[in-house]
Amino acid sequence: MLVLLLVVLHVLASAVTSFSADAETLTEYEIKAGFFFNFTRFVEWPEDAFATPTSPIVACVMGETPLTDLLTEVTQGKVVNGRAVSIILVKPADDLRRCNLLFISEAAARRTGEILARLRKGNTLTVGETPGFPLAGGMINFAILDNKVKLEINLDATTRAGLKVNSKLIAVSRLVSPNSVAEDN
């Protein structure tokens, strides 16, 4: 998994839009897990999003997905900006405000509108993997284009949530806004 993290960091740091030859040997969900973990490094939450300066970053996963086990493996023992990262499985009825990041899997996508509405006034970074997720108000979407995992970001939604997205993450993403025509970046 260290190789996965290094590949994803390299991709983000060099601000390219496609993966290197090494990344082509990784599975779709290994790439998604690497990106998801690295969102903790490339997104800044407001101070009041955490109870204390050392409160963990709570990354929640909703719906059945291979991502859960991979994230648990990738985050084990990792600390980001002085915070441990914990992975929690959640259900749509759970209190989702405790999540700093929430991945809504394709299996849970039918509840996306309801879930995003419940989180609208919070600081939860919402991540999906279904077409139209950013247009529905989600923040980051994993899109498969030309057999590669690409990122789509709705910066309007991240800004409303008080989240700051690092320019390196923006540079490797396609910007999507429900208020305007999608732009390629």
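In strand β5, L101 is the bridge partner of A59; helices (H or I, at least four residues) and strands (E, at least two) are DSSP runs numbered from the N terminus. The model is predicted, so that local features need pLDDT of at least 70 and side-chain atom pairs count only at pLDDT 80 or more, while totals for chains, interfaces and linings use all residues. Residues are numbered from 1 along each chain as its sequence is written, and side-chain values use heavy atoms, with hydrogens and water left out.

The chain contains six helices and 10 strands. Of its 185 residues, 49% are buried, where buried means under 20% relative accessible area, exposed over 50%, and partly exposed in between (1.4 Å probe, protein chains only). Contact is defined as heavy atoms within 4.5 Å. Among contacts between residues at least 6 apart in sequence, 60% join residues at least 24 apart.

Eight strands form an open sheet with mixed pairing, in the order β3-β4-β2-β5-β6-β7-β8-β10. Its edge strands, each pairing on one side only, are β3 (79–80) and β10 (173–175). Two strands are taken to pair if DSSP finds at least two bridges between them. Strand β2 (residues 57–62) pairs with β4 (residues 83–90) in the parallel sense over six bridges, and S86 of β4 is the bridge partner of V58. Strand β2 also runs parallel to β5 (residues 101–104), to which four bridges join it.

Six of the six residues of β2 are buried, and the strand is therefore largely enclosed by the rest of the structure. In a regular strand the side chains alternate between the two faces of the sheet. In β2, I57, A59 and V61 point one way and V58, C60 and M62 the other way, and all are buried.

Elsewhere in the sheet, β7 (residues 140–145) and β8 (residues 148–153) pair in the antiparallel sense over six bridges. Within this pair, N141 stands opposite E152 of β8. The loop between β7 and β8 includes D146 and N147. Most residues other than glycine have a negative phi. D146, which is not a glycine, has a positive phi of about 55 degrees, and N147, likewise a residue other than glycine, has a positive phi near 60 degrees. D146 counts as exposed at 73% relative accessibility, and N147 is exposed with a relative accessible area of 79%.

Helix α2 (residues 28–42) and helix α3 (residues 67–75) pack at an angle of about 50 degrees, with their axes 9 Å apart. Axes are lines fitted to C-alpha atoms, for helices over the stretch in contact, and angles run from 0 to 180 degrees between N-to-C directions. The two helices are therefore oblique to each other, given that angles under 35 degrees count as roughly parallel, over 145 as roughly antiparallel, 65 to 115 as roughly perpendicular and the rest as oblique. The crossing of α2 and α3 is right-handed, the near helix being turned clockwise from the far one by less than a right angle. Residues Y29, E30, K32, A33, F36 and F37 of α2 make the contact with L67, L70, L71, V74 and T75 of α3. These residues divide into eight nonpolar, one polar and two charged; Ala, Val, Leu, Ile, Met, Phe, Trp, Tyr, Cys and Pro count as nonpolar, Asp, Glu, Lys and Arg as charged, and the others, Gly among them, as polar.

Helix α2 also lies across β2, β3, β4, β5, β6 (125–128), β7 and β8, and runs at about 150 degrees to β7. Helix α4 (residues 112–119) packs on the sheet, where it touches β2, β5 and β6, and its direction makes about 170 degrees with that of β5.

F36, found in helix α2, counts as buried at 1% relative accessibility. Not counting residues up to four places away in sequence, F36 touches A59, C60, L71, L101, L102, F103, V127 and F142. F36 and F142 are 106 residues apart in sequence and 9.6 Å apart in space, C-alpha to C-alpha. T124 lies in the loop between α4 and β6 and counts as buried at 3% relative accessibility. Leaving aside neighbours within four places in sequence, the contacts of T124 include L96, R97, C99, N100, L101, L102, L119, M139 and L163. The C-alpha atoms of T124 and C99, 25 residues apart along the chain, are separated by 6.0 Å.
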